[in-house]
Amino acid sequence: MTLDAARLQPMANAIRALSMDAVQAANSGHPGMPMGMADVATVLFDRHLKFDPSRPDWADRDRFVLSAGHGSMLIYSLLHLSGYARPTMDEIANFRQLGSPCAGHPENFLLEGVECTTGPLGQGLAMAVGMAMAERHLNAQFGDELVDHRTWVVAGDGCLMEGINHEAIGLAGHLNLGRLIVLWDDNAITIDGATDLSTSENVKARYEATGWHVVSCDGHDFDDIERAIEEAKADPRPSLVACKTIIGKGAPNKQGTSATHGAPLGPDEVAAAREVLGWEAEPFNVPQDILVEWRKTAERGRHDHGEWERRLNESPHSDAFEKQLAGVAEGADTAIQQHIRTLAAEPQKAATRKASEMALGPLTENLPQLIGGSADLTGSNNTKTPSTLPMSADDYSGRYIYYGIREFGMAAAMNGMALHGGVVPYGGTFLIFSDYCRNAIRLSALQKTQAIYVMTHDSIGLGEDGPTHQPVEQVMSLRLIPNLYTFRPCDTIETAECWALALKAEETPSVLALTRQGLPQLRGEGDEAWTGESNRCAKGGYRLRSASADRRVVIVASGSEVALAMECADQLEEAGVGADVVSMPCTELFDAQDDAYKADLLPHDTLIVSIEAGSTLGWERYTGRGGLNIGMESFGASAPASDLFAHFGFTADAIVPQIQNKLNN
């Protein structure tokens, strides 16, 4: 098929003009990628992408992910030109300025039409894998009439070099996600210069080896771009379209060089590019005839959207579909309520990883949106339930994903699933490997995605695997991430309560740090008639036990150390020293409480002691400078857990004398 190049070229040049002008005005940014991929993006939006700017949240829209987020002016130009309400031209003119939604890298919470926050290279593509997984899963449930869309990715050389790319494409190939198409900006340039400075791998062969379909095209030939995209759409496998492009296309003296990658072109080169492109309009002005053609690109999507709304209204599955999209927040307490009441009546000693599995039983049974998984540690993380059958290339209806040893890829895919909507993902690994996941967890928090990380083996309590696997600094370091709930529950009931809180936090991701070793159940009294309103963990910290003698000490602890805090309190009371015990499963929720509540739990006229089998750094904000912080100041060791706790001083006999000395001095 021969496309109308006379129509498409001015449309593509509008992207080039807006991109170079915005970067120039900001004196900051990356003009080269959007100028190089303008032709590909124009064909995609004009011929293939299913979207409706008037309803950017339409459930069956195609997802467009700019994985090469540094080229953000590409998506800002596309959104404006195709008719989205924002960004406005004034906002584009204020690119990278305070208050403009046109941030240096695209942020999903600032602009509709930006499906995910990108910039950390490789993660956009990896999140797109999660989106494609969610689409296939929902399609298996509701059929083509309600769920039938593609996920498109624009990725650069850097996205394909990052280690997470290996994890993501391996998973996508294994699951045969044929609705996923990656448009590779194959310009052979990075910031340092030509890619042959740092790599000589055969990228296409690598993708083929993981089960992908690969096709190449001239990224500046509209007909060839169309051919390659049509071929990708026709193939049942995920596709990589290698678009051979010239970075900074149109800038006559700098195109094809790293000079266009991460810096403004400069006024002289911008002027020269205008002449080469035949672009006579002033900066931040698009001629009306070109704008009219761009606005036509949304007509197909508007029609498709209208037809989809008709099918939804007529479908016998419409109520179930809308309930699926509504999320799990409203149903979480009801789903877990009877489980907690049963635990109150029949206490159980269990590792909190096992307690999590017990809670997941009724949760996954009653909340079909939940999709679980593990990075090759299913039996250790206890993340699979009878309700979660495996998802596979042969059966996308399954609700459990075997991620393999791909922690980072798992975390990013979970973000993509959560952003897609209709599913709430949780995934497991060892807490020590949260460091592998960390940048994706940070993006969960930044993007306000409801991804739930089940991180087990949370301390030296894991025992013999030794210091390589024993977290020391991980829990506290996760608490540093804004908008992330880090839960470290102490028993079966707290674990269930923390699950309920994680499921109700629709704009905040959660980490559940869980034990390998068994723990006594400390809760139960007063929980026989449990409801969501009586969730004691909801305040982040609460008084688990009040002093009997005159209170002189408050012991604050989390997770496995809460039982130890109770033992310490027993010894102190026997010595006539009154001691409260405060369980602190989530410092972030505690910090959000009012000053009166916090002062009541942690009064200034008492010695406040923290106990946690991890870094003590950070506990000073609760204990004060005059408090006592019991924790780990070194790496762990390889030995049975009981020996390790004794060796590192986590016994009442070791801690109580320290408390008494502090009181006496």
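Let me begin with the basis of the values. The model is predicted, with local features requiring pLDDT of at least 70 and side-chain atom pairs counting only at pLDDT 80 or more, while totals for chains, interfaces and linings use all residues. Residues are numbered from 1 along each chain as its sequence is written, and side-chain values use heavy atoms, with hydrogens and water left out.

A cavity here is a set of points, on a 1 Å grid over the protein atoms alone, where a 1.4 Å probe fits but cannot get out; lining residues have an atom within 4 Å of a point. Grid points are joined across faces, edges and corners, and a volume is the space filled by probe spheres set on the points. On these terms the whole structure contains three cavities of 30 Å³ or more.

The largest cavity holds about 90 Å³ of space. Its lining includes Phe45, Phe51, Phe64, Arg61, Asp62 and Glu115. By class, this lining has eight nonpolar, one polar and three charged residues. In that classification Ala, Val, Leu, Ile, Met, Phe, Trp, Tyr, Cys and Pro are nonpolar, Asp, Glu, Lys and Arg are charged, and the others, Gly among them, are polar.

The second largest cavity has about 30 Å³ of space. Among its lining residues are Asp458, Arg488 and Glu612, and the classes here are four nonpolar, two polar and three charged. Helices (H or I, at least four residues) and strands (E, at least two) are DSSP runs, numbered from the N terminus. Strand β17 (607-615) contributes the most to this lining, with three residues.

Arg523 and Glu497 form a salt bridge whose closest N and O atoms are 2.7 Å apart. This pair links distant parts of the chain, 26 residues apart: Arg523 lies in the loop between β13 (510-514) and β14 (542-545), and Glu497 in helix α21 (residues 492-504). Buried means under 20% relative accessible area, exposed over 50%, and partly exposed in between, with a 1.4 Å probe and protein chains only. Arg523 counts as buried because its relative accessibility is 4%, and Glu497 is buried at 0%.

In the second pair, the side chains of Glu91 and Arg86 meet in a salt bridge at 2.6 Å, N to O. Glu91 is buried at 15%, whereas Arg86, at 38%, is partly exposed.

Finally, I come to strand β11 (residues 452-456), in which five of five residues are buried. Ile452, Val454 and Thr456 point one way, and Tyr453 and Met455 the other. Two strands pair if DSSP finds at least two bridges between them. Strand β10 (residues 424-430) runs parallel to β11 and is joined to it by five bridges, with Gly427 opposite Tyr453. Strand β13 also pairs with β11 in the parallel sense, over five bridges, and Ile452 stands opposite Ser510 in β13.

How values were computed:
1 Å grid on protein atoms, 1.4 Å probe; cavity = no way out; pocket = protein on both sides within 12 Å on 5 of 7 lines; lining within 4 Å. Salt bridge = Lys/Arg side-chain N within 4 Å of Asp/Glu carboxyl O.
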